[in-house]
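Please open the structure in your viewer and keep the selection tool at hand. The tour goes from one selection to the next, and each stop says what is to be found there.

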Amino acid sequence: MSSRRNFLQKITASAIALQIPDFVLGAPEDASPQEPYEGPVLRVAIMGLGSYGNRVAGAMQSSQKAKLVGAISGTPSKLRDWQSKYGIPEKNCYNYENFDALKDNPDIDAVYIITPNALHKDQAIRVANAGKHVICEKPMSINAKDGQAMIDACKKNNVKLLVGYRMHFEPKTLEIIRRRKEGELGKVLFFQGLCGFIIGDPTQWRLKKELAGGGAMMDIGIYAINGARYMIGEEPIWVTAQETKTNPEKFKPGVDETIQFQLGFPSGAVASCLSTYSLNNLDRFFLNGDKGFAEMLPSTGYGPIKARTNKGELDYPHVTHQTVQMDEMAGIILEGKKPIVPVDGEEGLKDLKIIDAIFLAVKTGKKVPLKL
Ligand code: NDP
């Protein structure tokens, strides 16, 4: 018997009881082919055909419920490439000047914004004003005020706003959350989130405050913030933070290289986190309760994610995060499905409020209270 079948047999009963989403289980290798999907399909245009936009476009080819039908770019040659690669018609191609005309295009339901962070706000508001659903990459914007403006614009136009939190659909992440909720770890008191990589090209937008809104914290530290919240299962009530900078030439004022921060939660649990652009192989979550622990290493990369608890390794199959994310987001937008961990604008806003507070704590050296 294949280990996958073995695994499926072991978890099927509890999965049914606990309503683990279909994508966690998938289909057994020897099952008969799946019925062709005939339900509603979310027709998506991607804005920003850069590195991550290309990854999402590729992954969306395997989605059942989301289809790539349009593209918005400032680079005409990329639009031509995508037209031939993904069969995108000319009428569904836009640039940053003319994409408000999306309002007259009935063939696009949603726009997935995958551009530099500081551009998200205005682009999301324009997409919402064109009457299209917004999926926006993390960080949703560069501060809570802008995030709130995005939420308000989407509400006003009666469109959904979702944030590209792909880990919220990742099977091992969801299984650890399930076990914590079931009490397997006991009373949770501590989370550690270590997130970083060594950033290369010093001229890239990620190192420009006006486009990135900050440095490592906006880009990679946000995974530790978000992870602390979904792993502990509470909202933090205070934050303290300390910044260190070893290369002020590369990391200019307002662009953080390394920030260590601590979050306090109502139950008394604390999170201790590191966000940096100066260390590779830093991708670890550790959650500890009085009955057990869970470790994810790596915890937020593109996978495979590896996870274990005091009871042993988690034996779940790898899924392509962005494929699952797009299927699930299509379900949320078209069928009103409720994800286990939210991915809406309010969720994105909470992380932005925490980032604002972290920057304030760095500046003042004081403990900053949080009300999410
Ligand atoms: P890239 O630099 O690779 O791509 C960004 C694209 O945005 C560019 O290629 C360009 O596309 C467009 N763009 C529009 N205006 C500008 C500008 N002024 N300067 C630079 N690019 C511009 O970045 P990424 O794809 O890595 O990141 C984009 C977003 O996705 C960020 O918010 C990032 O945080 C997020 N991200 C999320 C990940 C995740 O795992 N969820 C992983 C990686 C990134 P065009 O030429 O088509 O206009």
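Predicted model: local features only at pLDDT ≥ 70, side-chain atom pairs only at ≥ 80, totals over all residues.

The space that the ligand takes is the largest pocket, and the elements that give two or more residues to its shell are helix H3 (51-60) and helix H9 (216-232).

Next, select the shell itself, whose residues divide into 11 nonpolar, 10 polar and six charged. Of the 27 residues around the ligand, those that come nearest are Ser-73, Thr-75, Lys-78, Tyr-96 and Arg-166.

In Thr-75, a side-chain N or O atom is 2.5 Å from an oxygen atom of the ligand; in Asn-117, a polar side-chain atom lies 2.7 Å from a ligand oxygen atom; and in His-120, a side-chain N or O atom is 3.3 Å from an oxygen atom of the ligand. Taken on its own, the ligand has 890 Å² of accessible area, of which the protein covers 81%.

Finally, turn to the backbone. Select the loop between strand E5 (133-136) and helix H6 (144-156), where Pro-139 lies, and find the cis peptide bond that joins Lys-138 and Pro-139, with omega about -15 degrees. Move on to the loop between H6 and strand E6 (161-163), which holds Asn-158, a residue other than glycine with a positive phi, near 60 degrees. The last stop is Pro-298, in the loop between strand E12 (293-296) and strand E13 (307-309); the peptide bond from Leu-297 to Pro-298 is cis, with omega near 0 degrees.

Technical notes
Residues numbered from 1 in each chain as written. Heavy atoms only, no water. Near = heavy atom within 4 Å. Polar contact = N/O pair within 3.5 Å; in protein donor to acceptor, adjacent residues only side chain to side chain. Areas by Shrake-Rupley, 256 points an atom, 1.4 Å probe, with all protein chains shown as cover. 1 Å grid on protein atoms, 1.4 Å probe; cavity = no way out; pocket = protein on both sides within 12 Å on 5 of 7 lines; lining within 4 Å. Sits in = over half its atoms within 2 Å of the grid points. Helix = DSSP H or I, 4+ residues; strand = E, 2+ residues; numbered from the N terminus. Nonpolar A, V, L, I, M, F, W, Y, C, P; charged D, E, K, R; others polar.
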